[in-house]
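Reader: Hi! I am new to protein structures, and I would like to learn how to read one step by step. Could you walk me through an example?

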Amino acid sequence: MDIEMFLQTLPIMLKGMGGIFGVTIVIMAAMTLLNKVGIYLEDEAKKKKTSEEK
Amino acid sequence: MIDIGEFILENALLWKQIGMWIIGALLIYLAVKRQMEPTLLLPMGFGAILVNLPNSGALTQGEEVGIIDYLFDNGIANELFPLLLFIGIGAMIDFTPLLSNIKLMLFGAAAQFGIFFTLSMAALFGFDLKDAASIAIIGAADGPTSIFVANFFHSNYLGPIIVAAYSYMALVPIIQPPVIRLITTEKERRIKMGYEGNRVAKITKILFPIVITIVAGLVAPKSVSLVGCLMFGNLIRECGVLHGLSDTAQNVLANLVTLLLGISVAARMQADAFLNWQTLMILALGLVAFIFDTVGGVMFAKLLNLFNPKKINPMIGAAGISAFPMSARVIHQMGLKEDKTNFLLPHSIGINVSGQIASVIAGGLIISLVSSIL
């Protein structure tokens, strides 16, 4: 049993889990924003197309 | 007269090689009879027999280069095969269930706990940091990531790590249910969840792989090729103008690389390096990684339930391991077993694909964090 090595890995565990949640939250925020912009653009394009057809 | 004890000692390597033939035969049996990850286990099993024949010409002998060593050096040692395979996997995955409910990504992140827990356990049991990181990544439940990370650290245990990674992926239906039942109550398992999928714009699907690559690449630049190849494959799929390339990546490329990958791995299944107590330890630690991934996902859902008025069925957290789509199906089946009207698939499939991304990011973080202190 290598307790010293085990203790050395604990900060990696904390940083790793912190890092993975951090990255995930950044991606979630970015994708939520981009999806809203994307839906807005899609709707605007549809409206434009409908008005052009009329 | 021949002294039997002396004969056994003198032919120790031959006995070990025969042991590897048996392991090879077992892998072939599991692939053919039990259909456990047959695309990988069958070539690996055959390769294990091939490289363990005395003076096998499949391995480099003196000046003569063997085909298995050649494939290993030019396909795995330079990380080519896992990366090419990731292009194919990326092209296969539809991230729409995740994008329509992006919060599910948190479960994928939580279910990587087993990787980091196993890193500490492997270190505790005396593996050096490079090998501990390579063993821990079995918990990614993702073959190419395991190969990439173990190879990055030049781990001596590449063979056992890959055998463990692929075997446990196939054993998800056996490993996960008892663990989930142990840490959840019947009442929790019967929680019904409505599905509120949001509309997903086409541009979102195209931007998703690009955003993931940029964010993951900035956080863990050493592993950007890994996440980049996965996302490149997905971009080919979602762009809507490369149907031929998407189809080739999903089928021809993925099949061809899998074929070569499986047999190349056998280069690290030579008796002397494979048959030792460390292999048993790696198999045990791989199981620990899968179990604690499952625990991490389920406990995260239970934690959210403490604050969330809309209760979550904690079983869906277990789908955050990246064994796709097996884990999602297992959770869905478990939900149906508890209550025939409980359909967890829309949630579990979204979490399962998020686990695919999270496991690659976890692999990148392990590489960055461990490299920084070596």
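Author: Gladly; we will go through confidence, chain shape, contacts and the core. Keep in mind that this model is predicted.

Reader: Then let's begin with confidence: what does chain B average in pLDDT?

Author: Where pLDDT is low, the coordinates should not be read in detail. Chain B averages 89, and 97% of the residues score at least 70. Within chain B, helix α1 (residues 4–10) has the lowest confidence, with a mean of 66, while helix α8 (residues 113–124) has the highest, at 94. For the model as a whole, ipTM is 0.89 and pTM is 0.85.

Reader: How many residues of chain A are in contact with chain B?

Author: On the chain A side there are 29, and they meet 35 residues of chain B. The chain A side of this contact holds 18 nonpolar, eight polar and three charged residues.

Reader: And which residues have the most contacts inside the largest nonpolar core?

Author: That core has 143 residues, and B:Ile68, B:Ile135 and B:Ile161 are among those with the most contacts inside it. Helix α20 (residues 345–373) of chain B gives the most to the core, 14 residues. Leaving aside neighbours within four places in sequence, B:Ile161 is in contact with residues including B:Ile135, B:Ala150 and B:Ile282.

Note on methods:
Residues numbered from 1 in each chain as written. Chains lettered and ligands numbered in written order. Predicted model: local features only at pLDDT ≥ 70, side-chain atom pairs only at ≥ 80, totals over all residues. Core = buried A, V, L, I, M, F, W, Y, C linked by C-beta atoms within 7 Å. Buried ≥ 20, exposed ≤ 12 C-beta atoms within 10 Å, placed from the backbone. Helix = DSSP H or I, 4+ residues; strand = E, 2+ residues; numbered from the N terminus. Contact = placed C-beta atoms within 7 Å. pLDDT = per-residue confidence, 0-100. Nonpolar A, V, L, I, M, F, W, Y, C, P; charged D, E, K, R; others polar.
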